[in-house]
Amino acid sequence: MIRAKLAIGLTLGATLLLSACTDPNYAGIDRTKTKNGAAVGAALGGIFGALTADNKGKGAVRGAAIGAGIGALVGNELDKQEADLRRDLNNDNVQITNTGDRLIVTLPQDILFATDSSAVRSDLQRDLRTIAGNLSAYPNSTIQILGHTDNVGDAGYNQGLSQRRAEAVADVLLEAGVPFARVQTSGRGEDQPLATNLTPEGRAQNRRVEIVILPNA
């Protein structure tokens, strides 16, 4: 019975996805992430609705519909926010990744900080203030700021340095008007590399600060 309900929920979620994301606004924006958000929302909503259904799958229909709608709205908002952020930043050194349920803004530490320093370079503070303006324009989200290092040196020291650097980036955003309640900071040290630490190029990729924008449901 549970498997049957799950199948109903997933099928309905997929069906609703085909009709999602038809908003003509921002027609020039890639709608892939909006569709991804609708897909995730529809599937999860359908599963939840199916598991709680008590009348021939009506719960699955409601759950999938609600989930698809919420997911599509989140994806649509992220598409718009990403487009605005790319336009305003116009900095090839800053990487923006849209996963469909969050935006990840990656800033290489080598452009943010001098070696062994947690003071944000003055010329990069402008970019952070631009990000802060974008966050203020899209206020319905939580902001996670994650510091990362390579594996050169003592692991404990790298952990502390990554935390200080995350906090330094947060300070600039806060000073630019982002509410304190929206911001979380965490130092990840050398534990989450993006690339190998065996080459200078890989280590440079691993030294970074990520600003993760998580829409509030």
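Predicted model: local features only at pLDDT ≥ 70, side-chain atom pairs only at ≥ 80, totals over all residues.

Biologist: Where does Ser162 sit, and why is Ser162 called buried?

Modeller: Ser162 lies in helix 6. Its relative accessibility is 0%, and buried means under 20%, so Ser162 counts as buried.

Biologist: What makes strand 3 and strand 4 a pair?

Modeller: Two strands pair if there are at least two bridges between them. Strand 3 (residues 141–148) and strand 4 (residues 183–187) have five bridges, in the parallel sense, so they pass. Within that pairing, Ile143 stands opposite Val183 in strand 4.

Biologist: And which unit do strand 3, helix 6 and strand 4 make?

Modeller: A right-handed β-α-β unit, with helix 6 covering residues 155–175.

Biologist: On to charges. How do you know that Arg207 and Asp110 form a salt bridge?

Modeller: Their closest N and O atoms are 2.9 Å apart. The cut-off is 4 Å, so the pair qualifies. This pair links distant parts of the chain: Arg207 is in the loop between helix 7 (200–206) and strand 5 (208–215), while Asp110 is in helix 4 (residues 109–112), 97 residues apart.

Biologist: Which other partner does the text of the model give Arg207, and at what N to O distance?

Modeller: Asp150, with the closest N and O atoms 2.7 Å apart. Again distant parts of the chain are linked: Asp150 is in the loop between strand 3 and helix 6, 57 residues from Arg207.

Biologist: Are Asp150 and Asp110 buried or partly exposed?

Modeller: Asp150 has a relative accessible area of 7%, under the 20% limit, so Asp150 is buried. Asp110 has 38%; that falls between 20% and 50%, which means Asp110 is partly exposed.

Biologist: What about Asp101 and Arg102: why is each called partly exposed?

Modeller: Asp101 is at 40% relative accessibility and Arg102 at 30%.

Biologist: How many salt bridges does a search of the whole structure find?

Modeller: Eight. There is also a network of salt bridges linking Asp84, Arg87 and Asp88.

Technical notes: Residues numbered from 1 in each chain as written. Heavy atoms only, no water. Helix = DSSP H or I, 4+ residues; strand = E, 2+ residues; numbered from the N terminus. Right-handed = clockwise from strand over helix to strand, strands pointing away. Buried < 20%, exposed > 50% of the residue type's maximum accessible area, 1.4 Å probe, protein only. Salt bridge = Lys/Arg side-chain N within 4 Å of Asp/Glu carboxyl O.
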